[in-house]
Amino acid sequence: MPDADLSILNEIYTVILERKNTPADNSYVCSLLNHRKGINKILEKVGEESIETILAVRNDNREEIISESADLLFHLLVMLAAKDISLEEIAEEFKKRRK
Ligand SMILES: N=c1c2ncn([C@@H]3O[C@H](COP(=O)(O)OP(=O)(O)OP(=O)(O)O)[C@@H](O)[C@H]3O)c2ncn1[C@@H]1O[C@H](COP(=O)(O)O)[C@@H](O)[C@H]1O
């Protein structure tokens, strides 16, 4: 199986950082990053999307699993950006664990 091209994750993360640095109107990312509940709003979304992903797997619904996993990954990226953690740091963590 060929390596997956995950450059889209870098691309989305870059957009999220742009939204963090330059707030934009009608931006979902800005609405999360600047929410009155603070980081708790992002954590709620990570929790919700985790549960929706679990339910999709329980339902054995392949399309739903893909869609909910994308939602979960997206909200994780927003959470990491909110905490100033780069994708490089996550990649380094995986490399350290590689046997
Ligand atoms: N990849 C995504 C992405 N995936 C999911 N979502 C949003 O995440 C939300 C998922 O939450 P739900 O399914 O619970 O829907 P909801 O009822 O609207 O959510 P809440 O009201 O509970 O917050 C939806 O509003 C989706 O639109 C995303 N929103 C944005 N992006 C990317 O982020 C970029 C920047 O987005 P903006 O900040 O909106 O410009 C976009 O160009 C996209 O590439």
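Reader: Which atom of the ligand is 2.5 Å from an N or O atom in the side chain of Ser27?

Author: In this predicted model, where local features need pLDDT of at least 70, side-chain atom pairs count only at pLDDT 80 or more, and totals for chains, interfaces and linings use all residues, that atom is an oxygen atom of the ligand. Residues are numbered from 1 along each chain as its sequence is written, and side-chain values use heavy atoms, with hydrogens and water left out.

Reader: Why are H3 and H4 called roughly antiparallel?

Author: Their axes, which are lines fitted to C-alpha atoms over the stretch in contact, with angles running from 0 to 180 degrees between N-to-C directions, cross at roughly 160°. Angles under 35 degrees count as roughly parallel, over 145 as roughly antiparallel, 65 to 115 as roughly perpendicular and the rest as oblique, and H3 and H4 are therefore roughly antiparallel.

Reader: Why is H1 called oblique to H4?

Author: The axes of H1 (residues 7-21) and H4 cross at roughly 45° and come within 10 Å. That angle makes H1 oblique to H4.

Notes:
Helix = DSSP H or I, 4+ residues; strand = E, 2+ residues; numbered from the N terminus. Polar contact = N/O pair within 3.5 Å; in protein donor to acceptor, adjacent residues only side chain to side chain.
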